[in-house]
There are 2 protein chains.
Amino acid sequence: MTSEDPACTQYSRLPSAAACGPFSHAVSRVARLHRIAAGRLLRAIGLYPGQEFLMMHLWDAGATRQSELIKLLELDPSTVTKMLQRLEQAGYVRRSPDPKDRRASLVESTEDGFVLHERVKAAWSELEEQTLTGLDPAEQAELARLLGKVEANLCRTAGDEAGCGK
Amino acid sequence: MTSEDPACTQYSRLPSAAACGPFSHAVSRVARLHRIAAGRLLRAIGLYPGQEFLMMHLWDAGATRQSELIKLLELDPSTVTKMLQRLEQAGYVRRSPDPKDRRASLVESTEDGFVLHERVKAAWSELEEQTLTGLDPAEQAELARLLGKVEANLCRTAGDEAGCGK
DNA sequence: AAGATTACCTTGGTCGGCCAATTAATGCGT
DNA sequence: ACGCATTAATTGGCCGACCAAGGTAATCTT
């Protein structure tokens, strides 16, 4: 293990990226690391990053219309379709046609799916702890506040074209 | 300032995700929105999100060994390979065998690639502005500091297994 | 010098995510 | 009632990103 390039936190010799948009750069890096951490934790319980959100909604709300999931997760319809196909094949999810609307389909967690609930909660707690280690409550609150502002910013600029605003 | 969260984030009726890991959830959302914003800006100039980092390094440092790019970008080797294949086919990048090491290959930006430089810088400035709108300098500094801590956290937990800490 | 190890890159597979275009069902307007 | 727009979901294509395996070249070991 050579410690040649502590690539994680060296802003010393960053490329133009840092000069152009240090925050965007930081956000990208944190996002990637966070995703990796989530992926590692979720893999152990048989899910891929992204799927846990969908399952959480299902655990939370029971049978849900697919279009509702799309709105809730703010994802592309095709993304949800494929995710559901995989989750269904994995046995964590069941889809049935909505009797009220024959073009819609209702999604719900299977028994196997519910089994994951506790493990996913544990994994997320672990992830949360990994993320926030060393941040005192005041810092956490400030981070939450600032992330909220950034999210609102990005959401607004994204919203004028495609549906972010629920 | 409280949970008046406009449109995008209704923390009021969030699923278990928020209860389990509000920060992880926020990070995921910000990451996704940020990526979307970047994608929208980059698309207009012929790049996909992620490629701009690679090009920036090339513009910055000239001909670079592929393995160096992998270390710099902290990406999987196969990711870089495929990205380069696409960038090469798009005409933005040129690869040549390294005379010093016949298994390595040197990557450099083409003329067409350099043309993108200014536009990418502009796009990133725009992205940075979109991200940080409404944050005063003190908030920006605090956000940078906190993101740095989070990054270090995630980097550390990622490092004990695979290649973040090099 | 021959063999084992490591480094560099590629291929093939999987997933999340997007867009564009399609089909099917519902609803609305006249 | 009929036609037309809207909504629900799917398919196919593309890209970023990961892992697992593989092949070749350089280097270290013996």
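Colleague: Which helices each supply at least two residues of the surface near DNA strand D?

Modeller: In this predicted model, the surface near DNA strand D draws on both protein chains. Chain B contributes H5 at the level of at least two residues. From chain A, the helices that do so are H2 (22-43), H4 and H5.

Colleague: Which residues come nearest to DNA strand D?

Modeller: There are 28 residues around DNA strand D. By class they divide into seven nonpolar, nine polar and twelve charged. Those that come nearest are Ser67(A), Lys82(A), Arg103(A), Ser105(A) and Ser78(B).

Colleague: What share of the atoms of DNA strand D within 4 Å of the protein do sugar and phosphate account for?

Modeller: Contacts to phosphate oxygens of DNA strand D include one from the side chain of Gln66(A), where an N or O atom is at 2.7 Å. Of the atoms of DNA strand D that come within 4 Å of the protein, sugar and phosphate make up 70%.

Colleague: How far is the backbone N or O atom of Ser67(A) from a phosphate oxygen of DNA strand D?

Modeller: Ser67(A) is among the residues that come nearest to DNA strand D. Its contact with a phosphate oxygen is made through a backbone N or O atom. The distance is 2.5 Å.

Colleague: Which residue has a polar side-chain atom 2.4 Å from a base oxygen of DNA strand C?

Modeller: Bases of DNA strand C are approached by side chains from both protein chains: Lys82(A) has a polar atom 3.4 Å from a base nitrogen, and Arg103(B) has one 2.9 Å from a base nitrogen. The contact at 2.4 Å to a base oxygen belongs to Lys82(B).

Colleague: Is Glu74(B) buried or exposed?

Modeller: Glu74(B) is in the loop between helix H4 (66-73) and helix H5 (77-90) of chain B. The relative accessibility of Glu74(B) is 8%, and the cut-off for burial is under 20%. Glu74(B) therefore counts as buried.

How values were computed:
Residues are numbered from 1 along each chain as its sequence is written. Chains are lettered from A and ligands numbered from 1 in the order in which they are written. This is a predicted model: local features need pLDDT of at least 70, side-chain atom pairs count only at pLDDT 80 or more; totals for chains, interfaces and linings use all residues. Side-chain values use heavy atoms; hydrogens and water are left out. Helices (H or I, at least four residues) and strands (E, at least two) are DSSP runs, numbered from the N terminus. Buried means under 20% relative accessible area, exposed over 50%, partly exposed in between (1.4 Å probe, protein chains only). A residue is near a molecule or strand if one of its heavy atoms lies within 4 Å of it. A polar contact is a pair of N or O atoms within 3.5 Å; within protein, one must be able to donate a hydrogen and the other to accept it, and residues adjacent in sequence count only if both atoms are side-chain atoms. Ala, Val, Leu, Ile, Met, Phe, Trp, Tyr, Cys and Pro count as nonpolar, Asp, Glu, Lys and Arg as charged, and the others, Gly among them, as polar.
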